[in-house]
Amino acid sequence: EDVLWSLQHCMGPQAKEYAMGGDCTTMSQITDRIEQTGPDQVSVTTQIPVAEFPQMISEATGSWAGVVYPKRETLHNLEEESAYDNNPIGAGLLRLVGHTPAQVLKFERFEDYYYQPANGFPTDKRVNFQSLDLYLVPEEATRVAAMRAGDADIAPVSLALRGQVEAGGGRLVFAPEGAYFRVRLYGCWNLPELPRPCDDKRVRQALGYALDKELIRDRLYGGPEVMQVKGWTAVTPSTIGYSPELDPFPFDPDKARQLLADAGYPNGEGFGKLVINTWPSTTSPLMVESAQLAAEMWKRELGLDTVVRVGDEASLKEASSLTKELHGQILWRDNETRIDAADIIRSGYGSPEEIDKAHNDPELFEMVRQDTAVFDPEEREAALNSAFLRLREEGYDINVGYLNIPFAVGPRIETWEPYPLAFYPSALHTITLK
């Protein structure tokens with residue numbers, strides 16, 4: 001009953017009226033029904049094949065779609081949701097035992113966590129410690145100071161503070177392929193309402209060729225240890241369907257200027273203002289700074305009048321997914337990588353009814369629907385790769401690369417091996433203390 005309620009709450013057909021998370025929003029658009037078909041069985045029936053569903057609700061993705069909540073009387077009630085947030089329960093790795101809002105969450109080890117040999121599993125994923133305190137500390141310098149004082153064991157940091165971390169006896173541990181730059185042009189297809197320069201593929205490709213991704217990597221992030229100029233949007237080397245041909249367009253300003261001129265905007269004349277929206281990320285370092293650097297490159301190489309607007313994450317997500325406010329503009333943000341990226345290309349490229357769809361091309365919609373519907377693993381790898389390569393050339397997503405998320409780790413921790421494709425502190429069962 002709890003599983004039924006949780007899936008209905010997230011992705012039932014009615015969830016499209018209130019869902020904000022990407023996977024829930026996408027699934028609610030294509031879910032036909034969710035029903036309990038036995039004492040321990042729930043059936044999800046979708047309008048189209050969704051071969052990536054197992055990954056979507058598993059630990060292999062950063063999605064919340066597979067989290068099980070205790071059932072409530074209604075599927076969506078703001079007062080009930082607020083009450084649950086103030087007194088949550090669960091059966092995961094840890095049990096919440098204390099909560100001071102905006103300060104700290106206190107957890108204890110959950111002895112009966114299901115993933116252990118007693119339940120037939122090959123390894124024991126229960127944590128090797130008894131308690132964990134999760135503090136909210138927005139200032140990076142304060143997090144590092146706490147690490148050096150022995151008051152913290154794990155904290156997200158930027159590479160710039162590596163020396164301070166190591167001087168305090170700590171080290172950096174990277175969550176590989178934890179996030180990617182999701183840089184998308186919105187509403188380029190919206191010509192009947194307002195002409196958009198980005199409706200021309202040559203313009204979109206010019207923006208990609210004019211970005212010096214290696215400079216962003218080396219000057220801003222300190223090299224390939226944190227940032228890799230590889231992959232295409234959510235598709236990284238660990239993703240089903242990846243191949244090196246998907247990597248970002250090389251930096252070629254001459255080609256970029258020629259493409260822009262061929263599209264009718266020589267030196268940016270007649271292009272209008274290019275607005276880049278972004279926000280300070282809580283998981284990926286220097287997101288605002290990377291957007292500002294990109295804006296300067298487009299101004300220098302293409303003569304474009306660029307402006308970076310730094311906003312609120314929730315407001316910009318709502319504007320991009322529920323309104324046309326950002327049409328003709330860029331949203332520069334980070335996002336979770338995927339082991340199977342079919343869900344994210346389906347929402348952006350395969351759903352004509354989505355407000356935040358990247359295009360309005362019936363042929364592209366059909367291609368995405370067909371290629372994401374392939375179930376056979378070997379055939380699916382080839383089908384997704386083919387779709388990714390075609391969409392890369394369209395240029396609606398400006399390809400930059402992905403980030404290995406750096407975490408400062410204090411001297412008390414002997415080992416920790418985060419999962420690939422996780423932007424949060426994952427694989428807590430691999431943490432051992434000295």
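The answer below treats strand S12 (residues 402-409), then turns to Thr337.

A: In this predicted model, strand S12 covers residues 402-409, and eight of its eight residues are buried, so the strand is largely enclosed by the rest of the structure. In a regular strand, side chains alternate between the two faces of the sheet. In S12, Tyr402, Asn404, Pro406 and Ala408 point one way, while Leu403, Ile405, Phe407 and Val409 point the other way, and all are buried.

The pairing of S12 may be taken partner by partner. Strand S7 (residues 171-185) runs antiparallel to S12 and is joined to it by seven bridges; within S12, Ala408 stands opposite Leu172. Strand S6 (residues 154-156) also pairs with S12 in the antiparallel sense, over three bridges, and Phe407 in S12 is the bridge partner of Pro156. Strand S8 (residues 227-228) pairs with S12 in the antiparallel sense over two bridges, with Leu403 of S12 as the bridge partner of Met227.

The account now passes to Thr337, which lies in the loop between strand S11 (330-336) and helix H12 (342-349). Its relative accessibility is 1%, so Thr337 counts as buried, the cut-off being under 20%. The side chain of Thr337 reaches the backbone oxygen of Glu177 at 2.6 Å. Leaving aside neighbours within four places in sequence, Thr337 is in contact with Glu177, Gly178, Ala179 and Tyr180, as well as with Ala234, Thr236 and Leu421.

Conventions. Residues are numbered from 1 along each chain as its sequence is written. This is a predicted model: local features need pLDDT of at least 70, side-chain atom pairs count only at pLDDT 80 or more; totals for chains, interfaces and linings use all residues. Side-chain values use heavy atoms; hydrogens and water are left out. Helices (H or I, at least four residues) and strands (E, at least two) are DSSP runs, numbered from the N terminus. Buried means under 20% relative accessible area, exposed over 50%, partly exposed in between (1.4 Å probe, protein chains only). A polar contact is a pair of N or O atoms within 3.5 Å; within protein, one must be able to donate a hydrogen and the other to accept it, and residues adjacent in sequence count only if both atoms are side-chain atoms. Contact means heavy atoms within 4.5 Å. Two strands pair if DSSP finds at least two bridges between them.
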